[in-house]
Amino acid sequence: MKAITVKDRDAGVGGFTVTDLPYPHAAENDVVVRVHAAGFTPGELTWPASWTDRAGRDRTPSVPGHELSGVVAELGYGTTGLTVGQRVFGLADWTRNGSLAEYTAVEARNLAPLAADIDHTVAAALPISGLTAWQGLFDHAGLTTGQTVLVHGAAGGVGSIAVQLARAAGARVIGTGRAGDRDLVLGLGAHAFQAPDADPGEQADVVFDVIGGDILAKSAELVRPGGTLVTIAEPPTVRPKDARAVFFVVEPDRARLADLAQRVRDGRLKPLVGEVRPLEEAADAFAGRRRVPGKTIIRVAD
């Protein structure tokens, strides 16, 4: 099968290679998925799990990408709940070969059924962004109706879904981003828009950060007492006064994936797909030379 592989950590995206790999083995409770569309996280080449297995052993050449949508091609021993030929979407395992390949083996519990009326490119934009937005807002910050949430990077993959979910929950939403993203973010449901380093003039119950650095440090001042600063960028070094600060890594959740997919079907949630690129252009997509709002998706198969 054809796949994108990396084997030199220092080479970064320059080390991307289109490679012929053996068809993957389906271990116990696995499924092999024929990948139609895949998503990735630009910083994943810095993650130790991109280069080693669960025991810390080198596993290069490895296949990047951790979001996928496709069709079940094979069931491993003991796998239940899914069938061969079924459309699915979800998360590839962190310490195994990922989704930038024609086939990949995934733990069945990381996948959810996908309805026929959701395009694979849309579904591939949901797993990490959707689960991260949900877990950050509700599982970690406990956002409730009537509260105020400030979402940094509101035009990005995670931020755009966070804006929509927070608005649907009855929260007041302030989105931040570049000036050119203003109309897009307001169109997603934000009540107000501003630059990331601007003073919103009020403190928020929840500040959701996807940027890190100075923006994360300054965000500590924007959380009102009893509120929560949530970040996926890096562990915070500055803590808000009389409030919590949480850094987390997204976790698989089949039931929540199914809920997010239903919201897409109902028109209550619109994943923001920025670009759709072929597998051969994965390196350029990773490098992010062309900035577009939303999430870039790699089309692996028609």
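View 1. The model shown is predicted: local features need pLDDT of at least 70, side-chain atom pairs count only at pLDDT 80 or more, and totals for chains, interfaces and linings use all residues. Residues are numbered from 1 along each chain as its sequence is written, and side-chain values use heavy atoms, with hydrogens and water left out. Helices (H or I, at least four residues) and strands (E, at least two) are DSSP runs, numbered from the N terminus.

**View 2. Helix H3 comprises residues 157-168.** Its twelve residues should span 16 Å at 1.5 Å a residue, and the 17 Å between its end C-alpha atoms agrees with this; the expected span is 1.5 Å times one less than the number of residues. Ten of the twelve residues are buried, so H3 is largely enclosed by the rest of the structure. Buried denotes under 20% relative accessible area, exposed over 50%, and partly exposed in between (1.4 Å probe, protein chains only). Among the buried residues of H3 are Gly-157, Val-158, Ile-161, Gln-164 and Leu-165.

**View 3. Thr-296 is placed in strand E15, residues 295-299.** With a relative accessibility of 14%, Thr-296 counts as buried. Leaving aside residues up to four places away in sequence, Thr-296 touches Gly-39, Phe-40, Glu-275, Arg-277 and Ala-285. A contact means heavy atoms within 4.5 Å.

**View 4. Pro-225 lies in strand E12, residues 223-231.** Pro-225 has a relative accessible area of 56% and is therefore exposed. Residues up to four places away in sequence excluded, Pro-225 touches Gln-203, Lys-241 and Asp-242. From Pro-225 to Phe-286 the C-alpha to C-alpha distance is 39 Å, and the two are 61 residues apart in sequence.

View 5. Along its principal axes, the C-alpha trace spans about 55 × 40 × 35 Å. Of the 302 residues, 52% are buried. Among contacts with a separation of 6 or more, 63% join residues 24 or more positions apart.
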